[in-house]
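Welcome, and thanks for taking a look.

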Amino acid sequence: MRSIIQPTASSKTLTLTNTPLPTPNHAQGEHIIQIKACSPCAGELLWPANFPPSTARTLIPCPDMAGIVTSAPEDSPFQPGDEVYARTNYVRPGNACEYSIAVTAELAHKPRGLSWVQAAAVPVSAETAWQVLFVHALAGGNGEEIDMDAAKLAWSGKRVLVTGASGGVGIWLVQLATLLGAEVVATCGPRNVEFVGSLGAKEVLDYRVVDLKEWAQLPANKVDVVVDCVGGKALGDAWWTVKDGGVVLSISQPPLQVCPDDFKGESVRDLFFIMQPVRRQLEEISKLIEKGVCRGLVDSVWPLEQYEEAFKRLDGGHARGKIVFDLSLNH
């Protein structure tokens, strides 16, 4: 089968080649999925060197996928012919290939009405945002998930700053936090201000114009929770906006690494986490998509053969939504 592979853990380049078809272990819940579309994740080519896989494996990128089950365990809720999508686990090769393996615990039914490309743009972004809002940022930081009713009670009236709000995870944070009753302040580049506002953000700041430290001088601007999707300077600046007793959470790096030396806030909880695929959460996200209350966003669509250009677009950091490979193109 055609596969994009990263030749070694330290490789910065990829190659398109033929690799053997995967063989499933049904006893371990493994399914074969015919991949219809897949999506890469920002920075993922650095993962094998920074977070070496626990077992040796072919380094195929793209943790997000949408496709058709072709082989399944007898007792699985997903049977041959079912249309599914998932963010598959890092312990196995990714999905930039024609057939891949996924396990029951990470699969969900593809939302009705979505194309393969639209579906592949959802899982990692939506599940990450879900885990921020329902698991990590509130609930006392104990790592226990709260349900929709409890989340609406917890988030109602809270002010939340989302950095990088026009990116893959950012758009889901804005939509879900707004759905839960939070007041969202978002940062993004100038060409995305109107778009992020349309997702529900109450205030949208052009990061090239607004200095967050100055902006936060006005007490009314302070937020209860910072959710950072950018890291670096954006995360460092965001520290100034959090109230005493608030939370600074990042999906990019541990927030304390860039906390300003002269930050004087008190009792601020800082948090960094790496999302894990959870079937139940993705099924809940499917329901929200089918109800029309949330949506993913596709930045651009590429055939596998144009992997170099697609990853260049990804690394540029200015994609609005997700970059997706459509395996029906150029085949």
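## Aromatic rings

F263 is buried, at a relative accessible area of 16% (buried is under 20%, exposed over 50% and partly exposed in between, with a 1.4 Å probe and protein chains only). Please keep in mind that this is a predicted model, where local features need pLDDT of at least 70 and side-chain atom pairs count only at pLDDT 80 or more, while totals for chains, interfaces and linings use all residues. Residues are numbered from 1 along each chain as its sequence is written, and side-chain values use heavy atoms, with hydrogens and water left out.

**Ring pairs**

- Five aromatic pairs are present in the structure (ring centres of Phe, Tyr or Trp, taking the six-membered ring of Trp, within 6.5 Å; planes under 30 degrees apart are stacked, over 60 edge-to-face, the rest tilted).
- W240 and F263 make an edge-to-face pair, with 6.1 Å from centre to centre and 65° between the planes.
- This pair links distant parts of the chain, 23 residues apart: W240 is in the loop between α8 (232–238) and β12, and F263 in the loop between β12 and β13 (helices are DSSP runs of H or I with at least four residues, strands runs of E with at least two, numbered from the N terminus).
- W240 is buried as well, at 15% relative accessibility, and W239, W240 and F263 form one aromatic cluster.
- F325 is buried at 0% relative accessibility, and F311 is buried at 5%.
- The ring centres of F311 and F325 are 6.2 Å apart with the planes at 35°, so this pair is tilted.
- F311 belongs to helix α10 (residues 307–315) and F325 to strand β15 (residues 322–326), so the pair ties together parts 14 residues apart in sequence.

**Salt bridges**

- The whole structure contains 14 salt bridges (a side-chain nitrogen of Lys or Arg within 4 Å of a carboxyl oxygen of Asp or Glu).
- E106 and R92 join their side chains in a salt bridge, at 2.1 Å from N to O.
- E106 sits in the loop between β6 (99–103) and β7 (107–109) and R92 in the loop between β5 (83–87) and β6, so this pair ties together parts 14 residues apart in sequence.
- Both partners are buried: E106 has 2% relative accessibility and R92 has 14%.
- R112 and E290 form a salt bridge whose closest N and O atoms are 3.1 Å apart.
- That pair links distant parts of the chain, 178 residues apart, with R112 in the loop between β7 and α2 (116–120) and E290 in helix α9 (residues 279–291).
- R112 is exposed at 67% relative accessibility, whereas E290 is partly exposed at 34%.
- K243 and D224 meet through their side chains in a salt bridge of 3.3 Å, N to O.
- K243 is in strand β12 (residues 242–250) and D224 in strand β11 (residues 223–228), so the pair ties together parts 19 residues apart in sequence.
- A network of salt bridges links R2, E98 and E305.

**Around E30**

- E30 is part of strand β3 (residues 30–39) and is buried, with a relative accessible area of 13%.
- Leaving aside residues up to four places away in sequence, E30 touches T23, P24, N25, P73, R92, I101, A102 and V103 (contact means heavy atoms within 4.5 Å).
- The E30 side chain reaches the backbone nitrogen of N25 at 2.8 Å.

Methods
A polar contact is a pair of N or O atoms within 3.5 Å; within protein, one must be able to donate a hydrogen and the other to accept it, and residues adjacent in sequence count only if both atoms are side-chain atoms.
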